Amino acid sequence: MNPDLDLLHPYPFEKLAQLFAGLETPTLSPIALSIGEPQHPAPALVREALRQHAAELCRYPTTAGIPALRDTIVDWLCRRYPLRQLSADNVLPVTGTREALFAFAQAVLDRSRAPLVLMPNPFYQIYEGAALLAGGTPVYLPCTGETGLQPDFDAVSDDTWARCQLLYLCSPGNPTGALLDIATMQRLIRLADEHDFIIASDECYSEIYNQTPPPGLLEACADMGRHDYARCTVFHSLSKRSNLPGLRSGFVAGDAALLKQFLRYRTYHGCAMPPHHQLASIAAWNDEAHVDENRRLYREKFAAVLDILGDTLPVSAPEAGFYLWPETPMDDQAFARELKRTQNVTVLPGSYLSREVDGVNPGAGRVRMALVATLDECTEGAERIRTFLRGR
């Protein structure tokens, strides 16, 4: 077996199952606020497109994606961001951003140079696993800022930047909801030029926001007049934007030279998107009405849940995304276990989404709550959390 498999940490939900092992829960109906799986209905136009194009199952899909899908993605990017000189060579459809974020590290890291892979902390666990199985060493960025939710790029030494081959960003952040601004992104782009590393920006939560669309890495490039998007890639998905986690459809966009090599890797990897999924994805990327409605539903849930929890738990709405990231009045694992035991509500301990660095785990003392269920379930979950906190 590949010895690097032994370097992998248990996945957060594996840890959660262990935490709850042997736990007797009340007869209350279970409410899951732990996993970020959208529960809003899948758009009818996408379901209809899948039905109409089911006959395409008799054909092998192309790894590069059909031209119509790549053109649709280009059009969407140019509507969503102020981009110019973007072509089909700058985009590549992928079977969900999870597998693409993982595979990207396998394709771009040079093992012979003892690569460092920088990532936020807390973080989406795929970044770490991708780095380890590609022969890289993860470097966890500490948090900074008034809220302690932003990666502290000032804390990175010149030697670390010099050895960095890949920098993972996540904006809007999972689990924090924090955003990187254009100036910060442009600073990182200049560092990538200086030290010759690649930026992979996970932007799969970009379409879940209150009023103002979050900026993106390609937008930061364009603002610099950098229309070749050198060293920069972004990852977008229909899972969160369009409530289609089961479709496994997303794309990577940016530096055409990098994507040419990534396509070469993926041709051997064998992960082409099914033809009818590609055609259904065109329908999803071309429609914004269902995305507007999706945002409305999240706004409604945030308002209701925050109103319930406001006087019992220090929590505020994120800048974007669908997670709450509150501090807990006790150890985060104890909080999650007792909440499950007494109220049958599941949340994810923040320490499961972070790594300890210099004796500090930035996720400790927090939990992640995903407001993905129905309004009634989210408000019922919030009521039970309030009951739990008041009964301590």
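## Close-up views of a predicted model

**View 1. Arg-390 is exposed, with a relative accessible area of 52%.** Like the other views, this one comes from a predicted model. Asp-311 is exposed as well, at 56% relative accessible area. The two side chains meet in a salt bridge, with N and O 2.9 Å apart. Because Arg-390 sits in helix 14 and Asp-311 in the loop between helix 12 and strand 11, the pair ties together parts that are 79 residues apart in sequence.

**View 2. Salt bridges with shared partners join Asp-193, Asp-196, Arg-226 and Arg-231 into one network.** Within this group, look for Arg-231 and Asp-193, whose side chains form a salt bridge at 2.8 Å, N to O. Arg-231 is partly exposed at 25% relative accessibility, and Asp-193 is partly exposed at 31%.

**View 3. Arg-266 and Glu-99 form a salt bridge, their closest N and O atoms lying 2.7 Å apart.** Arg-266 belongs to helix 10 and Glu-99 to helix 4, so the pair ties together parts 167 residues apart in sequence. Both residues are buried.

**View 4. The largest pocket has a volume of about 480 Å³.** Its lining comprises 24 residues, and Tyr-11, Gly-36, Arg-98, Tyr-124 and Lys-240 lie nearest the centre. Helices 1, 4 and 9 each supply at least two lining residues. By class, the lining has twelve nonpolar, six polar and six charged residues.

**View 5. Leu-77 and Ile-199 have the most contacts inside the largest nonpolar core, a set of 46 residues.** Partners of Leu-77 beyond its sequence neighbours within four places include Leu-83, Val-91 and Phe-251.

Note on methods:
Residues numbered from 1 in each chain as written. Predicted model: local features only at pLDDT ≥ 70, side-chain atom pairs only at ≥ 80, totals over all residues. Heavy atoms only, no water. 1 Å grid on protein atoms, 1.4 Å probe; cavity = no way out; pocket = protein on both sides within 12 Å on 5 of 7 lines; lining within 4 Å. Points joined across faces, edges and corners; volume = space filled by probe spheres on them. Helix = DSSP H or I, 4+ residues; strand = E, 2+ residues; numbered from the N terminus. Nonpolar A, V, L, I, M, F, W, Y, C, P; charged D, E, K, R; others polar. Core = buried A, V, L, I, M, F, W, Y, C linked by side-chain atoms within 4.5 Å. Buried < 20%, exposed > 50% of the residue type's maximum accessible area, 1.4 Å probe, protein only. Contact = heavy atoms within 4.5 Å. Salt bridge = Lys/Arg side-chain N within 4 Å of Asp/Glu carboxyl O.
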